[in-house]
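Hello,

I am passing this structure on to you. Please look through the sequence and the model first; my notes follow.

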Amino acid sequence: MLYSATINVMVKAARRAGRSLKRDLGEIEHLQVSLKGPANFVSLADKRAEEILYQDLAKARPGYGFIGEEGGMREGSDKSHTWIVDPLDGTTNFLHGIPQFAISIGLSREGTVIAGVIYNPANDELYIAERGKGAFLNDQRLRVAGRRQLNECVVACGLPHIGRGDHEEFRREMTAIQDRVAGLRRFGAASLDLAFVAAGRLDGYWERNLQSWDIAAGLLMVKEAGGTISDINTPGDALVTGDVVCGNEYVHGELVKVLRR
């Protein structure tokens, strides 16, 4: 596949950071026996991956702004463009040696995400999307699943972490959705949940209280694969609110009906 220069820059950065994370993942199993556990090690791995991404992206596109989970906002001279980056989405999975984690890179122009890359270095799955040009997994075009019966659908969700989010609200939503679908899944990495919807592996997904770096690339991925995505409570922009629901047009509509009750 021939991709734009911007996508090539993003892919190169993601792969280099991915090599660092994959090496670190190999150390996790040795650290599990430690009394202190690998938490500090994982934090360092996260920061190291973000710095690799920042260096590579800044070198290729000097002046672009950069928002990273670890380092926050770094202003650039170009106020129109901003990288929105999660160097390690699925930290808890990574911490336990579970190979369901990803690097997520979105590029925003004037507040609209125009390019996205999601890369899982554990299995070398590379998701790419560019506004108006479609979504791809390892060069294969992606389309959302076409199911139109909710009771045949597998839907993913997020679970609020201890001390964060509204656990009662989630339990109400989970119960309502669970009564209507074939199965619920919780994989632990929002970017990959969105990528799985784009790939047709999941029929739908919802989660609240996400950050822009969790979902910037994935939002575009779903849209470019023909899916519908929005804020849970309004037709607004989930990138701003952090509350996301998606699927094909039918599944999205049905999930919204249940979640907004």
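Contact here means heavy atoms within 4.5 Å. This is a predicted model, in which local features need pLDDT of at least 70, side-chain atom pairs count only at pLDDT 80 or more, and totals for chains, interfaces and linings use all residues. Residues are numbered from 1 along each chain as its sequence is written, and side-chain values use heavy atoms, with hydrogens and water left out.

Binding site

An unreviewed UniProt entry annotates E69, D86, L88, D89 and D214 as "binding site"; such annotations may be inferred rather than shown by experiment. These residues are spread over 146 residues of sequence, yet their largest C-alpha distance is 9.4 Å.

Not counting residues up to four places away in sequence, L88 touches L21, V42, D46, E69, F94, F101 and A102. D89 is also buried, with a relative accessible area of 7%. Beyond four places in sequence, the contacts of D89 include F101, A102 and D214.

Domains

The domain assignment, which is automatic or from a database, gives domain 1 (5-141) and domain 2 (150-260). Their centres, taken over C-alpha atoms, are 21 Å apart. The contact takes 34 residues from domain 1 and 22 residues from domain 2.

One salt bridge (a side-chain nitrogen of Lys or Arg within 4 Å of a carboxyl oxygen of Asp or Glu) is found across this interface.

Regards

Conventions
Buried < 20%, exposed > 50% of the residue type's maximum accessible area, 1.4 Å probe, protein only.
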